[in-house]
Amino acid sequence: MTKTTDPAALDQWYAVETLADLGSAPVRTRLLGQDIELCRDNRGVPVIAEVHDDGACGPPLPVRERYGCVWVTLGKPGREIFDIPEADEADRRFVPCGWVKMRASGLRVVENFLDMAHFPFVHKDILGAEDHAEVPQYSSEIRRDVDEVWASNCSFFQPRIAATESEGAFVQLTYRVPTPFVVMLYRVCPTSPNRLDAIALFIQPLEEDLCRAQPVMYLVDDVSTHTSLLNFEQVIFLQDRIILENQRPRLLPLEPRQEIPTRADGSSIAYRRWLKEKGLRFGTMVG
């Protein structure tokens, strides 16, 4: 595949590597069908460039260092990278969970993250239980003032809501989609009920039907070991990977008649409508 011409996809910021893993040796990867090369220059500053057909690198692309990752754009974004206020709170644990490659559209990955209905079946005895399979009604909306999709007042029974917990409870969840290829979850922190844990999923769309993604967590948790936090999230994500790679079609349909939604799909409906309004073509099926 060659680089997309879709401006709605090009004019976004994408996390493409964990800052701690980026060294001076050049590394090549892909973004939106385009080969890119990443490295640090002799001052330690991240540098990213497109790789031309002859193997030579083009001029440096716009780069940002945020949320433990290096971000890049192949276009001209109309704004800076979205804000995660929890990232600036000094007492939070920052837990990057590692990149996982998946043969699926990155948009499918976002939609799966939003889907509570699969918890009892894909994440049985962790995020859901078969005797609590119903998704209670919740609110979903496109927030025009910030151009984001939000789902709020979400409630779901989870047998194990966090690495610190071993007993089930109904939990309150809030979902946020700040850009087409990033999705976030806010949940009440078990060890500090007046605060919310923040979990983000950064997605690097390599091709229309191939991506890599990394969960990044900002937690109020001074009890769990780093390994237990990492293992808890990785188990969940790898369970999702199996489902996503077997989902057909791999691209995300944007027309309602192509996949029949249910009441539980309110956030997905809002997300697809938002993508369609943006004119996003990369990773989608239209018509």
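Me: Which residues in α2 are buried?
Reply: In α2 they are G106, L107, R108, V109, V110, E111, N112, F113 and L114. Buried means under 20% relative accessible area (exposed is over 50%, partly exposed lies in between; 1.4 Å probe, protein chains only). Nine of the nine residues of α2 are buried, so the helix is largely enclosed by the rest of the structure.

Me: What kind of model is this, and what pLDDT do local features need?
Reply: This is a predicted model in which local features need pLDDT of at least 70 and side-chain atom pairs count only at pLDDT 80 or more, while totals for chains, interfaces and linings use all residues. Residues are numbered from 1 along each chain as its sequence is written, and side-chain values use heavy atoms, with hydrogens and water left out. pLDDT is the predictor's confidence in each residue, from 0 to 100. The mean for the protein chain is 86, and 84% of its residues reach 70 or more. Over residues 120–125 the pLDDT is below 50; beyond near neighbours in sequence, this stretch has 20 contacts in the model.

Me: Why is R176 called buried?
Reply: The relative accessible area of R176 is 7%, and the cut-off is under 20%, so R176 counts as buried. R176 lies in strand β12 (residues 169–179). Leaving out residues up to four places away in sequence, R176 touches F82, D83, E148, V149, W150, V182, V183, M184 and Y186. Contact here means heavy atoms within 4.5 Å.

Me: What makes the pairing of the R176 and Y186 side chains a polar contact?
Reply: A polar contact is a pair of N or O atoms within 3.5 Å; within protein, one must be able to donate a hydrogen and the other to accept it, and residues adjacent in sequence count only if both atoms are side-chain atoms. The R176 and Y186 side chains make such a contact at 3.1 Å. A polar atom of the R176 side chain also lies 3.0 Å from the backbone oxygen of D83.

Me: What makes β3 (residues 34–40) mostly covered?
Reply: Six of the seven residues of β3 are buried. β3 is also joined by five bridges to β4 (residues 46–51), and these two run antiparallel. C39 stands opposite V47 in β4. The β3–β4 hairpin has five residues between its strands, with G44 in the turn at a positive phi of about 85°.

Me: Why are β1 and β6 called edge strands?
Reply: The open sheet has the order β1-β7-β6, with antiparallel pairing. β1 (14–18) and β6 (63–66) each pair on one side only. Four bridges join β1 to β7 (residues 69–72).

Me: Which residues have the most contacts inside the largest nonpolar core?
Reply: They are V16 and Y271, in a core of 57 residues. A nonpolar core is a set of buried Ala, Val, Leu, Ile, Met, Phe, Trp, Tyr and Cys residues joined through side-chain atoms within 4.5 Å. V16 touches residues including L31, I36, L38 and V70. A second, separate core of 18 residues includes W71, A198, F202 and V216.

Definitions and conventions. Two strands pair if DSSP finds at least two bridges between them.
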